[in-house]
Amino acid sequence: KNSTKAMEKELVTCSLQGMEKAALKRSQIFQVPGGKDLETKVIVVLGKAGMGKSILVQKICQDWSNGEFSQFEFVFWFDCKQISLPEKRYSLKDLLLEFFVKPQEGSKEIFEYILHNPAKVLLVFDGFEGLYDHENFPRCSASQPEKELCSIKELLSGLIQKKILNGCTLLLTARPKDKVYQYVSKVDRTIEIVGFSPQQRELYITKYFEGLPYCDNALKLIKECEYLFSHCYSPVMCRFVCFLCETVLEMGDKSFPSTLTTLFLKFVQQKIIPVQTNVTALQNQESLATLARVAWYLGEKHQSAMKSNLLPSKEVKEFALKYGFFLPFAFPRHSDSGEEEFGSTFSDFVIQNFLGALHLVLAEEIKDKSLTKYLSFPSKKKKPYNWLDLVPRFLAGLLFLQDDSYFCSLSNKDVKQSTKKQKTLLKYIRRLQMNELCPERLLELLHCIYETQSNYLLQHVALRLKPDLSFLGVVLTPPDVHVLCSILKRSRKEFSLDVRNSSIDMQGLKDLVGLKNVASFRASLSDTVRLWKSLEQTKDYELLRASTEKFVLDPFKAKTMKDVSDLSDLVEMQEKMINCVQDASGCSSYEIPAIKNLRKLEFALGPVCGLQGFLKLVEILAAFPSLQHLDLDALSENGIGDEGAKSLSEVFPTLTSLETLNLSQNKITDVGAERLATALPSLSSLKTLSLYNNSICDFGAENLAKVLPAMASLRVLDVQYNKITGVGAQQLTDSLRKCPHIKNLVMWNPTIPYGVLEHLQQLDSRISV
């Protein structure tokens, strides 16, 4: 259990560092830098449900069949939610050549060729989360897994462990929240699909309605409903919105749903009602209620598919298939029995979520008091109750649609029970300690409240939001931003937002920053500079100036070369800002407050890029007039060396506010110490200087000793763990007598004899070891 927690923590740390958005061509997916040809390569494609992972996989298979990806002679594609259902055992040969595709002849020879040429094999497991229980994943214990019978899970485990077909390429698709890394020891490449940009949303909608007389009206209607348009960043949601928009326009109706719940309520109603009679209405209501129970039952087991013979009745099966809630599929014949089995899977994850929520509202056995455990925002750090992560939103929305005619048409149940459940939800939210919620749970709460469209609840939540809202490292999707904006607008408080490493898009950042009651914000530097450049191009000087006034940078930690480049871009932006402000107000000078007020700057690029990044950083240090703390001590050691020390010393005269300079663990020798010492007196405000764990010898110590009396502001000097001997220590001690302002000299070095150091300490109590 503890190792799982440690792994989750490690995964979060990795995902926040150096994660950049980039357009990736399909042909680049299998380009693994530094990968060994003889070892299995594992590539993971992450993406929320509905982002198009399965479509990508199908396109890869299609491209391969058309001659692309020629490095692979064999491509096998498995839909995990389907192959996980039969509780049968297979050999690897069964899995590849019976389960997937059966050659008409030469099976034995083909399989032998595959075993001897694993590098030419691509195995795709689509929907990896469908293959493991959320509790465990069995390890492959077979001594000859190529020939012995194993479960599907054991075979996949053997492939991952490189016991089977070592040298092949594995492509796994999964949702970001699924613990792929818990089951896969080494991932060679991770790719995440983030959905459509606003421009791509418009393109999709335009293509969907291309050639129809109401093409322009459709785009206009969808964009006017900003909340649903924000959901169109997800390809599957975009398809649903377009389908319903088409139905609305064909009926001449001008009203469009305003929430996800009303959208799917109308979607289900449009599927069922146009063709039903009074007789079939009751049957449909009963079939829908049964199907909703199935959706919930499967969701509790982390499944979306089942064997067709396990469906409650023939009527329910026909209902589900007729109206497109289910899709059928066939299991390949097993080589032993030759029997063919059939399965059914929900046509879409959102449909299963909606029906699962409908079950919670309609089911009489689920009492109102037990309802709150199905919501995903417990104040304690509990895991969300259910795998169906949209259920809480639909549940909250449905509970506030008791009088809706569409809702009533789907159910023949008494609404009194549902009204009780609504009151339970109201009471629960009123008692909820919102300030104890982590950012993810808070966002989930805001979505649930938004789905209710209850003015009372929206106002209640808006008034109780804390003024400091941090979404650091939490992915903010376009719908998240829309909901957050709409609730922040209702509050009279002033808010401080942190949206760093949130993958927020430019429109979302612009919307949040533009809110009058957002007094300050922190965002990734690259996102912020990109926003400002866009505002400059559109000549929106008012928002440009307002957003620069609100932007906070202090403290800043540079961990990658990109961080340093972004900081350089920010400084460069200031030059452009002067011109913009001059044009807008006639003022001749302007400083971006974030630059002017930066007080602490940490540098932690590590040994590979340390010197290169630091030399770039030094070029812009003079732009930060309030810089008080410059910290170059990183766990991975930056190693700026003498060249970095020389470069830094040249800009000392411009760092008039610097009070703390930490150059520990940077491979500085006597050469660098001499250059530093010459320039140190120009740091007129310096109070603390640390040169801990470098390679400074007696010559460097002598140079430092010479300038100490001239450093009137210095209070603490740390030179321990260098290579100073008793000679250098004596020189520093002699200089210390002329420096009454210095309060502490930390000087322990393994090269100074203990007796000498003890004697010096007796001479001056300010020396510590």
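Author: Axes are lines fitted to C-alpha atoms, for helices over the stretch in contact, and angles run from 0 to 180 degrees between N-to-C directions. This is a predicted model, in which local features need pLDDT of at least 70, side-chain atom pairs count only at pLDDT 80 or more, and totals for chains, interfaces and linings use all residues. Residues are numbered from 1 along each chain as its sequence is written, and side-chain values use heavy atoms, with hydrogens and water left out.

Reader: How are α12 and α15 oriented to each other?
Author: Helices (H or I, at least four residues) and strands (E, at least two) are DSSP runs numbered from the N terminus. The axes of α12 and α15 (residues 349–362) come within 11 Å and cross at roughly 95°. Angles under 35 degrees count as roughly parallel, over 145 as roughly antiparallel, 65 to 115 as roughly perpendicular and the rest as oblique. The orientation of α12 to α15 is therefore roughly perpendicular.

Reader: Which residues of α15 make the contact with α12?
Author: Contact means heavy atoms within 4.5 Å. On the α12 side, Thr 261, Phe 264, Leu 265, Phe 267 and Val 268 take part. Their counterparts in α15 are Val 350, Ile 351 and Phe 354.

Reader: How does α11 lie relative to α12, and which residues of α12 does α11 meet?
Author: Helix α11 (residues 235–250) packs on α12 (residues 260–272) at about 60°, the axes being 10 Å apart. The two helices are therefore oblique to each other. From α11, the residues in contact are Met 237, Phe 240, Val 241, Phe 243, Leu 244, Thr 247 and Val 248. In α12 they meet Leu 260, Leu 263, Phe 264, Lys 266, Phe 267, Gln 270 and Lys 271.

Reader: Which residues of α15 does α11 meet?
Author: These helices pack with axes 10 Å apart, at an angle of about 75°. That angle makes α11 roughly perpendicular to α15. Val 236, Met 237 and Phe 240 are the contributors from α11. In α15 they meet Phe 349, Val 350 and Ile 351.

Reader: Which strands stand at the edges of the sheet of five strands, and what is its average twist?
Author: This open sheet has the order β2-β3-β4-β1-β5 with parallel pairing, where two strands pair if DSSP finds at least two bridges between them. Each edge strand has a single partner, so one side of each is left without a neighbour in the sheet; these strands are β2 and β5 (189–192). From one strand to the next, the twist averages 15°.

Reader: Which residue of β4 is the bridge partner of Leu 123?
Author: Strands β3 and β4 (residues 169–174) pair in the parallel sense over four bridges. Within β4, the partner of Leu 123 is Leu 170.

Reader: At what angle does α2 run to β2?
Author: Helix α2 lies across β1 (41–46), β2, β3 and β4. Its angle to β2 is about 155°.

Reader: How far apart in sequence are the parts tied together by Glu 73 and Lys 120?
Author: A salt bridge is a side-chain nitrogen of Lys or Arg within 4 Å of a carboxyl oxygen of Asp or Glu, and the structure holds 20 of them. In the salt bridge of Glu 73 with Lys 120, the closest N and O atoms are 3.2 Å apart. Glu 73 lies in the loop between α2 (53–65) and β2 (74–79) and Lys 120 in the loop between α5 (107–116) and β3 (121–126), so the separation of the parts they tie together is 47 residues.

Reader: Which strands are at the edges of the sheet of eight strands?
Author: The order of this open, parallel sheet is β12-β13-β14-β15-β16-β17-β18-β19. A single partner strand is found at each edge, so one side of each edge strand is left without a neighbour; these strands are β12 (556–558) and β19 (767–768).

Reader: Which residue of β17 stands opposite Leu 689?
Author: Strand β16 (residues 688–690) pairs with β17 (residues 716–718) in the parallel sense over three bridges. Opposite Leu 689 stands Leu 717.

Reader: What is the omega of the peptide bond that joins Asp 554 and Pro 555, and what is the phi of Lys 162?
Author: Most residues other than glycine have a negative phi, and most peptide bonds are trans. Pro 555, in the loop between α24 (541–550) and β12, is joined to Asp 554 by a cis bond with omega of about -5°. Lys 162 is in the loop between α6 (152–160) and β4. Although Lys 162 is not a glycine, its phi is positive, at about 70°.
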